[in-house]
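Please read these points with the model open beside you. They cover helix packing, a sheet and aromatic pairs.

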Amino acid sequence: MSPIVLTAIIIAAIVVLFISNRLPVVVVALLTPLALWAVGVLDINQAMAGFGDPAVIFIATLFIVSVGLEVTGVTAWAGQLLIRFAGEQSRTRLLVLTMSLVAGLTALISVNGAVAALLPVVVVIAVRLKRFSSQLLIPLVFAAHAGSKLALTGSPVNVLVSEAAGDAGVGTFGFFEFALAGVPLLIGSMAIIIFFGERLLPHRNGATMPADFSRHARTLVEQYGLASGVHLLRVRATSQFIGADPKTFVLPSGSGVQLVAIQEGSTAQPLHRRAIAEGDHLLIRGEAEAAAVLAADTHLAFRDEQDSGGGEKTLFNERSGLAEVVIPPRSGLIGQSVFPGMLTESGDLIILAVHRTGTEITAEDPAASGGEVTLQAGDTLLLQGTWKALDTHLNDPDVLVVSSPDLVRRQAVPMGPGARQAIVILLAMVVVLATGIVPPVVAGLLAAGAVILCGILNVEQSFRAINWTTVILVGAMMPLSTAMVETGAAKLIAETLVYVLGGAGPMALLAGLFVLTAILGQLISNTATALIIIPIGVAAAASMGISPRPVLMSTSVAAAAAFLTPIATATNLMVMGPGGYNFGDYWKLGLPLLGWFFIISVFYVPLIWHF
């Protein structure tokens with residue numbers, strides 16, 4: 001049996017397995033290079049080459065940069081801006097802004113980079129607005145495909161066709177010349193998605209959608225009775241508390257407020273120095289009037305005007321946050337005594353309140369016990385501390401964390417610590433990718449390394465940030481492109497099509513090349529597809545005596561029409577899990593878009609780039 005026939009059988013089997021959905025997608029992908037090696041189509045090095053491909057490494061680095069933007073609150077900030085401008089009720093405005101943003105970003109950093117950067121933003125928007133992620137993520141990716149035709153840097157295919165035009169002696173395409181086709185592609189795609197997307201896309205969420213923590217702080221301070229009773233007072237240079245020992249410090253009698261904790265001014269951590277200094281903060285609990293009197297009498301100042309009005313921003317901000325923990329059965333903390341204002345064993349977290357069966361509890365005899373409460377199974381504690389302390393010290397098996405502080409911070413604290421560094425890293429990566437100073441994989445590795453060096457993520461967090469399912473899927477499917485080229489299967493199909501349609505005129509040639517490119521683009525990468533089709537198209541143009549420019553631009557448009565399967569592009573795979581999509585969900589909206597791309601490729605392109 002010839003290698004071409006064996007490759008065709010393997011491709012058919014892969015498609016059937018993907019459509020049937022009986023095996024996990026990643027298992028089917030891993031079987032692909034093994035099958036190509038087992039039947040002798042590829043040697044072992046060729047079969048495994050995809051896992052070391054620069055594109056795969058680049059995708060992995062983009063996940064690190066994307067999570068860096070997420071953990072610093074940049075994505076939450078971007079999501080809030082989109083919601084603010086789009087409104088919470090307007091689906092159309094939300095889709096227009098989201099698709100415009102991803103298309104513009106794609107033009108600068110390619111489809112993979114733009115989708116990886118905005119994927120968590122759109123997921124946060126779906127959670128916050130209680131919309132189905134499946135209604136937003138495929139539009140995000142399909143708009144990115146259209147946006148890849150706005151500039152030369154939008155896709156590697158653009159670079160290939162531009163170089164081919166130069167080699168053919170008709171001049172390369174200008175940096176923004178692709179926009180002559182890209183703008184109508186994008187406008188038409190947005191219109192199709194807005195008018196038909198709601199009916200053609202499924203109504204579901206991914207299996208691991210995060211909870212909405214946008215109002216988490218308000219919920220906690222209200223539930224624990226802290227909404228109007230917690231204040232943060234800054235110690236002035238003239239305060240009588242300067243030099244006092246924090247271990248023995250007490251507020252003046254009759255002040256009407258309770259001291260919760262003393263925090264170091266620069267870090268917001270509980271004070272471990274031997275003396276209170278200017279700029280340190282006193283976290284107190286009590287009525288606002290009593291807090292104001294204490295501040296005036298002892299030369300303290302509210303940290304800012306908002307702190308005098310309530311506890312939400314005082315306890316929950318860029319530097320510090322809240323966490324709710326439950327005492328489980330058999331916990332080592334059962335029977336221990338605690339009190340509001342007490343530091344935990346690590347010395348970095350403060351116990352603000354203790355609840356039992358949903359209500360705050362106090363000591364039965366406060367005078368005798370000093371206000372201490374004996375913990376029981378099922379009690380809940382509200383803890384306050386820096387985000388770093390919350391992340392570090394809540395892995396204790398003696399407590400169960402109700403909501404992960406890391407997830408809460410990502411959604412509820414826009415533009416948190418490290419946000420400016422993350423934005424600078426992203427912009428630098430965009431500039432490097434747009435200018436082409438170094439290969440994309442180098443730009444990605446530099447950006448990912450900068451995220452780690454700036455302390456935004458540590459090495460372990462960086463490994464966790466990578467979506468390994470997507471990385472394995474992309475790497476495992478790449479050898480299929482190699483097999484198509486090595487066996488001559490793709491070239492045989494392309495040459496046959498040109499032979500059949502070449503005599504029917506140039507527009508028939510464009511139609512045939514579009515169909516072939518679009519079909520191959522659903523199974524192998526659009527870059528590999530372009531590499532196969534470009535020389536055939538140039539040769540056909542020469543034999544017909546027409547300019548290769550419209551043929552090359554038409555091929556570029558067709559290569560971007562990878563809408564029908566999740567394996568067509570890496571970005572289609574990226575949204576499969578978060579969107580809860582099945583294999584068959586892509587073609588329903590993809591077919592109308594494919595028709596629009598066909599119209600632009602066959603009928604519009606020759607009007608701009610003449611034969």
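Some notes on the model follow.

1. Basis. This is a predicted model: local features need pLDDT of at least 70, side-chain atom pairs count only at pLDDT 80 or more, and totals for chains, interfaces and linings use all residues. Residues are numbered from 1 along each chain as its sequence is written, and side-chain values use heavy atoms, without hydrogens and water.

2. Helix packing. The axes of helix H4 (residues 54–71) and helix H19 (residues 468–486) come within 9 Å and cross at roughly 170°. H4 and H19 are therefore roughly antiparallel (angles over 145 degrees). In the contact (heavy atoms within 4.5 Å), H4 supplies Ala55, Val56, Ile59, Ala60 and Phe63, and H19 supplies Thr470, Val471, Val474, Gly475 and Met478.

3. Sheet. Five strands form an open sheet, in the order E8-E7-E10-E5-E11, with antiparallel pairing (strands pair if DSSP finds at least two bridges between them). Seven bridges join strand E5 (residues 320–326) to strand E10 (residues 380–386). Glu324 stands opposite Leu382 in E10.

4. Aromatic pairs. The whole structure holds eight aromatic pairs (ring centres within 6.5 Å). Phe514 and Phe598 pair edge-to-face, at 5.3 Å centre to centre and 80° between the planes (edge-to-face means planes over 60 degrees apart). Phe514 lies in helix H21 (residues 506–521) and Phe598 in helix H26 (residues 585–608), 84 residues apart. Phe514 is buried at 3% relative accessible area, and Phe598 is partly exposed at 25% (buried is under 20%, exposed over 50%, partly exposed in between, with a 1.4 Å probe and protein chains only).

5. Cluster. Phe142, Phe563 and Phe597 form one aromatic cluster.

Terms used: Axes are lines fitted to C-alpha atoms, for helices over the stretch in contact, and angles run from 0 to 180 degrees between N-to-C directions. Helices (H or I, at least four residues) and strands (E, at least two) are DSSP runs, numbered from the N terminus. Angles under 35 degrees count as roughly parallel, over 145 as roughly antiparallel, 65 to 115 as roughly perpendicular and the rest as oblique. Rings of Phe, Tyr and Trp (its six-membered ring) pair if their centres lie within 6.5 Å; planes under 30 degrees apart count as stacked, over 60 as edge-to-face and the rest as tilted.
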